[in-house]
Amino acid sequence: MAILSMLSIPLLSACLFAVWGDRPWVPRVNAFATFLLFVSSLFLAGEVVQEHRVFALYGQLFSDPLNIIFVILTGLISTTTAIYSVGYIRFEMERGQFGAGRLRLYHSMFQMVVFSMLLGLLSDNLGLLWVALETATLSNAFLISIYRTPKSIEAAWKYFVLLGVGIAQAFFGLILLYFAAERELGPGGNALLWTQLDLVKTHLNPMVLSLSFIFFFVGLGTKVGLVPLHGWLPDAHAEGPTPASAILSGLLLNVALYSILRIKVLADAAIKWPMAGDILLVFGFLTVVVAVFSLWKRNDVKRLFSYSSIEHMGIAAIGFGIGGEAATLAALLHLTFHSLTKSSLFFLVGTASQWCKTQKIAEIRGILVHSPFWGLSLIVAGCAILGVPPFGLFASEFLLFKALIHTNPWLAVVLMVCLAVAFGVILKRVLEMVSGENAPPGPVPSLSRAPVLIHLVLVAVLGVGIPSFIWNWYQGTAHYLLGSL
Amino acid sequence: MPHPLEQSLIALLGGLLLLTVFAMLSIRRIFSMIRIFVLQGLILSASTFIVGLVSGEKHLLFQAFITFILKVVVLPVLLFRLIHRLRLRGDVEVVLNVPVTMVTGIFVVIFSYAVASPLSQMAMTISRGLIGVGLATVLLSFLVILTRRKAVTQVLGLLSLENGLLFSATNATYGMPMIVELGVALDVLVGTLLFGVFFFQIRESFEKLDLERLERTWED
């Protein structure tokens, strides 16, 4: 029940907003709908704790200890983003950026992105997962191009074509997977159900599965933003509206990495040597190195933090690539903390660039003078994203280093250097933006403080001490992910 | 071999499919490229239909029907109308280095066959020899997207990529489960409507659907 209600809330809201999305009550209803979603995700979590796996819609949809983490995260962050979006949209309307048609499109597509992410996370059928990812791409392309500026249209176009090509590669991987699964499970819909594949995964043909994983990796890796297929990511973040950037960085990248994990579980068992892990490790490192050195010379603030998202996705990929319970646990925690921290950062810099009417770092000054809350939060969030203790990312990066030193000590040194470079660049930029005298005009949206505060407090509290039930839960999930090896 | 005639027919259609992608790589006129795309849809639905008849898989017949409606009727009508409204009918695109692209294409085909040959040996379908053609179509369409600069031609590359995927699925496993096929068809339709919206927006902002000129507007 919880699964179906979770999917119907955003789908119905998307239809509703497509017609009435320009009414004054819509931003608040939008936030309320996502809040309902968050509440039902908690109910679903209760069911998963009791029954381990919950199925719906004739077994096409399911929830298990792995996807429930991402489902709750999606519920939470889409709620806070929708709350933030109330103030954001009001400001944009006062500036005359949005007409009635745009508002309908914006709210409808916002819910559509949330729906497709949830459908992807909750689908047991890997074919359905593919369809959901494609739907997310299409609806997100609408959000990115919403300002209709030449740059935003080009960014949306780039996003659309690159991800279209990528997702097509993933479909070839899906064909190969079905090809291997058909021998074990017989033709028909069941052969693509992950829970069924999980039962026979050691019998799947290793050659076909390794090919299939490579195609999946190329396709879904494009969506994660792994180097060398990351070109779309900074443009899409910088040119779209800020709530879309927060959702994209905080949630959509996770969904794509989650999909790679699902395939990796099958590939690992079938291939019998850690090919999938090695691929993730190599490309994870490449991603971190390229992303960190691209942080130099960024003069657009949203672009700067989108490169930081690429970097963190690389770090998580390294964690999953190392394998083993400790590293997998670290990577899962890393994804969670990164989502919370990065979306709050986008809220902060999004509003700051609304005040200053520019996204250029050189022209954003005096945030601390204008609003002490905003300036301090930006410093705190900036430190949090850099892995300064006591914030959550410090804990997950520390766990990751511990695992990495045991397996690949040299790579640990490289990673340390990369993190140090990122530290220097981002901290300098953040301090530049908060300091200065020329306080920009513009109101501080009172409602927007709540999302920032919620995220930062969560990251700080979880970083200081993770409650034992959450720790056990994540450890259980890491165990569940690797258990079948 | 129980169905020699059908098998050679399917093989012939596979060969024609490859030819259409090579044509897409080299053709200069956008209008002709859409015609090639229609031909490709026709070939794809015909080969799906024959495989469906021979294997007795009913959903393949249904899929052949959907492919025909979508790729031969709906999408071409949309694209032709778009071309007409944007007055791109006589437009010519400069295709750089056709010989180099062609030679690269030949290597792509050889590579695809090398990758697909172990799969072909394992497959149990009557058209298993053509998995390589499917993969080659996918990769060559990728090449089309890489070498083209105009929005319309890039979209045609994407659609041809999707044709290659469907062809591979039909020949390797007699198609994907129904729910996946329907989802894919829906996404392609929505995607094409999105192209339409984009075309007009790009047109409005840049006068010409030329992505090479767009790229120069970046400074970061």
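**Notebook: chains A and B**

I started with the contact, which takes 35 residues from chain B and 35 from chain A. Two residues are in contact if their C-beta atoms, placed from the backbone, lie within 7 Å. On the side of chain B that touches chain A, H4 (98–122), H5 (131–147), H6 (151–173) and H7 (178–206) of chain B each supply at least two residues. H7(B) gives the most to this side, with 13 residues. The residues of this side divide into 24 nonpolar, 8 polar and 3 charged. I counted Ala, Val, Leu, Ile, Met, Phe, Trp, Tyr, Cys and Pro as nonpolar, Asp, Glu, Lys and Arg as charged, and the others, Gly among them, as polar.

I note that this is a predicted model, where local features need pLDDT of at least 70, side-chain atom pairs count only at pLDDT 80 or more, and totals for chains, interfaces and linings use all residues. Residues are numbered from 1 along each chain as its sequence is written, while chains are lettered from A and ligands numbered from 1 in the order in which they are written.

**Confidence**

I checked pLDDT, the predictor's confidence in each residue, from 0 to 100. Chain A has a mean of 90, and 98% of its residues reach 70 or more. Among the elements of chain A, H14 (residues 367–370) has the lowest mean pLDDT (84) and H12(A) the highest (94).

**Chain A overall**

I found 19 helices and 2 strands in chain A. Helices (H or I, at least four residues) and strands (E, at least two) are DSSP runs, numbered from the N terminus. The C-alpha trace of chain A spans about 65 × 55 × 45 Å along its principal axes. Of the 485 residues of chain A, 63% count as buried. Buried means 20 or more other C-beta atoms within 10 Å of the residue's own, with C-beta atoms placed from the backbone.

**The annotated domain**

I looked up UniProt, whose unreviewed entry places "domain: NADH:quinone oxidoreductase/Mrp antiporter transmembrane" at residues 123–420 of chain A. UniProt positions are in the numbering used here, feature names are shortened, and annotations may be inferred rather than shown by experiment. Over residues 123–420, chain A is 80% helix and 0% strand, and the end C-alpha atoms are 39 Å apart.

**Helix H11(A)**

What covers the buried residues of H11(A)? I found that the cover includes H8 (206–224), H10 (242–271), H12 (301–322) and H17 (409–434) of chain A. Among the buried residues of H11(A) are A:Ile279, A:Phe283, A:Thr287 and A:Ala291.

Technical notes: A residue is buried if 20 or more other C-beta atoms lie within 10 Å of its own, exposed if 12 or fewer, and partly exposed in between; C-beta atoms are placed from the backbone.
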